[in-house]
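Subject: Structure handed over, with notes on what was found

Dear colleague,

Please find the structure below, followed by my notes on it. I would be glad if you read them with the coordinates open beside you.

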Amino acid sequence: MHMSTINADLHCHSTASDGLLSPAAVVERAHANGVDLLALTDHDELAGLEEARATAQALGLRFVNGAEFSVSWLDQTVHIVGLAFDSASPALVEGLHQIRQGRDTRAQRMSDGLAQIGIRGALEGALKYAGNPALISRSHFARHLVSIGVARDVGNVFEHYLVRGKPGFVEHEWASLEDVLGWIHGAGGIAVIAHPGRTRVDKAGMTKLFERFKDLGGEAIEVVSGVQMGADALEYARVARRYGFLASRASDFHGPGESVVDIGRSEILPPDLTPVWERLV
């Protein structure tokens, strides 16, 4: 099979973080949708990898380890996907543990902020949506607020309650870019900038990010990812060419009915780019 025709999906989520399907169900859906190469990339968590890998092996689907790391950059949050790393690497495991502990603190402060505007019990409500109580995320809060009628959908919750300047937003220091790339590369993995079109960093800040990422040995960028398609994909294809980044393709699938793009159904990459999976297979 030619590299450019591989149906690769290298960014998706399960109930180990804020996805709606179990790791096994994510892999089964990917297989049913014709995916050839899959990475499960839960937020700051490795707990779903073993189940996903076992399911992939049973179905004959090629699978690589993945995780989506939360990084602070210029007072904003950016996400770095790690691929094909050794999931037993002590530094990487400990680094993710530290990030998850920070999530617990943030969740309590988010709940406190919402309580101040009369939305009480948000943390308890969010936990009901968390398949993994060790990893509570804004998506779990959003699903709870939709369920109690505060907003019509998850996107609406983020817009009105969970972004900077809104009552459920909490300033939080995640890991540094230097640390995360050190963990990924130290574990033999490849680093990818996730959905750059969805970050809140301004253009100058993104240029600095691309340059620093390159200096640190960062290999790839998501050119196509979920809501990042069409003109956005063309923009990040230009970035990939400019910096010599490998190109990744992803759905950022969280669940049926909630995600814009189903797993394995993203646009294909521009043919002149080198796909990141050339380094993975």
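This is a predicted model: local features need pLDDT of at least 70, side-chain atom pairs count only at pLDDT 80 or more; totals for chains, interfaces and linings use all residues.

To begin with the chain as a whole, nine helices and eight strands are assigned in it. The C-alpha trace spans about 55 × 45 × 40 Å along its principal axes, and 56% of the 281 residues count as buried. Among contacts between residues at least 6 apart in sequence, 72% join residues that are at least 24 apart. The accessible surface of the chain comes to about 11800 Å², and carbon and sulfur atoms account for 49% of that area.

The largest pocket has a volume of about 1300 Å³. It is lined by 44 residues, of which His-79, Arg-138, Phe-158, His-195 and Arg-198 are the closest to its centre. At least two lining residues are supplied by each of β4 (66-73), β5 (76-83), α3 (90-115), α5 (138-147) and α6 (154-162), and the largest share, four residues, comes from β5. By class, the lining of this largest pocket divides into 12 nonpolar, 18 polar and 14 charged residues.

Of the 15 residues that line it, Lys-203, Thr-207, Phe-210, Glu-235 and Val-239 are the closest to its centre. The elements that give two or more residues to this lining are α8 (203-215) and α9 (231-243), and α9 provides the largest share, six residues.

Two aspartates deserve a look at the backbone. Asp-75, which is found in the loop between β4 and β5, has a phi near 65°, a positive value in a residue other than glycine. Asp-252, which lies in the segment after β8 (246-250), likewise has a positive phi, near 55°, and is not a glycine. Is each of these residues buried or exposed? With a relative accessible area of 65%, Asp-75 is exposed, because the cut-off for that class is over 50%. Asp-252, by contrast, has a relative accessible area of 9% and is therefore buried, the cut-off being under 20%.

Lastly, there is Val-26, which is found in helix α1 (residues 23-32) and is buried, with a relative accessible area of 1%. Leaving aside residues up to four places away in sequence, Val-26 touches Cys-12, His-13, Ser-14, Leu-21, Leu-40 and Ile-263. The C-alpha atoms of Val-26 and Asp-86, residues that stand 60 apart along the chain, are separated by 21 Å.

With best wishes

Conventions:
Residues are numbered from 1 along each chain as its sequence is written. Side-chain values use heavy atoms; hydrogens and water are left out. On a 1 Å grid over the protein atoms alone, a cavity is a set of points where a 1.4 Å probe fits but cannot get out, and a pocket is an open set with protein on both sides within 12 Å along at least five of seven lines; lining residues have an atom within 4 Å of a point. Grid points are joined across faces, edges and corners, and a volume is the space filled by probe spheres set on the points. Ala, Val, Leu, Ile, Met, Phe, Trp, Tyr, Cys and Pro count as nonpolar, Asp, Glu, Lys and Arg as charged, and the others, Gly among them, as polar. Buried means under 20% relative accessible area, exposed over 50%, partly exposed in between (1.4 Å probe, protein chains only). Contact means heavy atoms within 4.5 Å. Accessible areas come from the Shrake-Rupley method with a 1.4 Å probe; for residues, only the protein chains shown count as cover.
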